[in-house]
Amino acid sequence: MKIDIHTHTRKVKSGDAPTRNIETDRFVEIINDTEVNILAITNHNHFDAKQYEDFRNGVENHCQIWPGIELDIFENEKRAHLIVICNPKNYQQFDKVVSEILNGKNPDTFTISIKETVDKFDKLDCIYIAHYFVKKPNLGDEEIEILTNLVSNPKRILKEASNSISAGIYISHGHNSIYGSDVHNWDDYIKHSQELPELRLPVSGWFF
């Protein structure tokens with residue numbers, strides 16, 4: 001099955017493309033025309049529980065939808081992006097935590113530390129996927145070590161590559177790596193979905 005761990009369904013930050021906006025009916029139509037069986041919604045500093053429910057229910061016979069967020073991390077005097085994906089059974093608690101940390105803050109200027117991220121999300125059975133190396137803005141090895149030392153299960157940390165080639169290189173050097181579509185235009189999604197990774201690990205293995 002194909003998996004997409006990095007999608008955007010809303011223009012949230014000022015730099016986001018308007019073509020990231022997608023309505024439920026169109027989302028359902030597109031996903032049902034792909035081989036994607038797991039997809040995480042990871043908007044920038046934003047989570048919409050109602051949209052999550054609508055999308056999940058619309059494709060439930062074809063694709064699992066996982067709740068997530070792409071956070072702006074500020075650590076060691078630099079910004080980076082970290083995707084946090086929550087066990088779907090905990091999406092309502094996830095929504096409460098996101099609302100708590102954002103609390104009306106501007107998504108363009110919002111940042112959060114690694115420690116606060118782990119403090120807020122780790123109890124919700126989450127996976128952490130860090131932008132790494134050529135995937136900008138990235139967490140460096142020092143920041144990933146901080147994350148590794150804080151999370152309850154370091155096996156849940158992956159490094160996000162930009163494509164299959166870079167992911168293969170990372171994996172060959174012993175890094176747990178994956179990549180997603182980071183979709184900018186949903187009109188192109190069916191085509192780009194063909195290049196997404198195949199998930200060979202049982203789904204239950206992601207949340208253990």
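Cys 63 is buried, at a relative accessible area of 5%, where buried means under 20% relative accessible area, exposed over 50% and partly exposed in between, for a 1.4 Å probe and protein chains only. Cys 86 is in no disulfide, and the nearest cysteine sulfur to that of Cys 86 belongs to Cys 126, 4.4 Å away. A disulfide is defined here as a pair of cysteine sulfur atoms within 2.5 Å. Cys 86 is also buried, with a relative accessible area of 0%.

The model is predicted: local features need pLDDT of at least 70, side-chain atom pairs count only at pLDDT 80 or more, and totals for chains, interfaces and linings use all residues. Residues are numbered from 1 along each chain as its sequence is written, and side-chain values use heavy atoms, with hydrogens and water left out.

A search of the whole structure for disulfides returned 0. Cys 63 is likewise in no disulfide, and its nearest cysteine sulfur, that of Cys 86, lies 17 Å away.

Charged side chains were examined next. Side chains of opposite charge can pair when their charged atoms come close. A salt bridge was taken as a side-chain nitrogen of Lys or Arg within 4 Å of a carboxyl oxygen of Asp or Glu. The count under this rule is 14 salt bridges.

One of these salt bridges joins Arg 10 to Asp 48, with an N to O distance of 2.8 Å. The pair links distant parts of the chain, 38 residues apart: Arg 10 lies in the loop between β1 (2–7) and α1 (24–32), and Asp 48 in the loop between β2 (36–41) and α2 (49–58). Helices (H or I, at least four residues) and strands (E, at least two) are DSSP runs, numbered from the N terminus. Arg 10 is partly exposed, at 28% relative accessibility.

The closest N and O atoms of Lys 50 and Asp 54 are 2.8 Å apart. Asp 54 is partly exposed, its relative accessibility being 26%.

Arg 79 and Asp 72 form a further salt bridge, at 3.0 Å from N to O. The two partners fall into separate accessibility classes: Arg 79 is partly exposed at 35%, whereas Asp 72 is buried at 2%.
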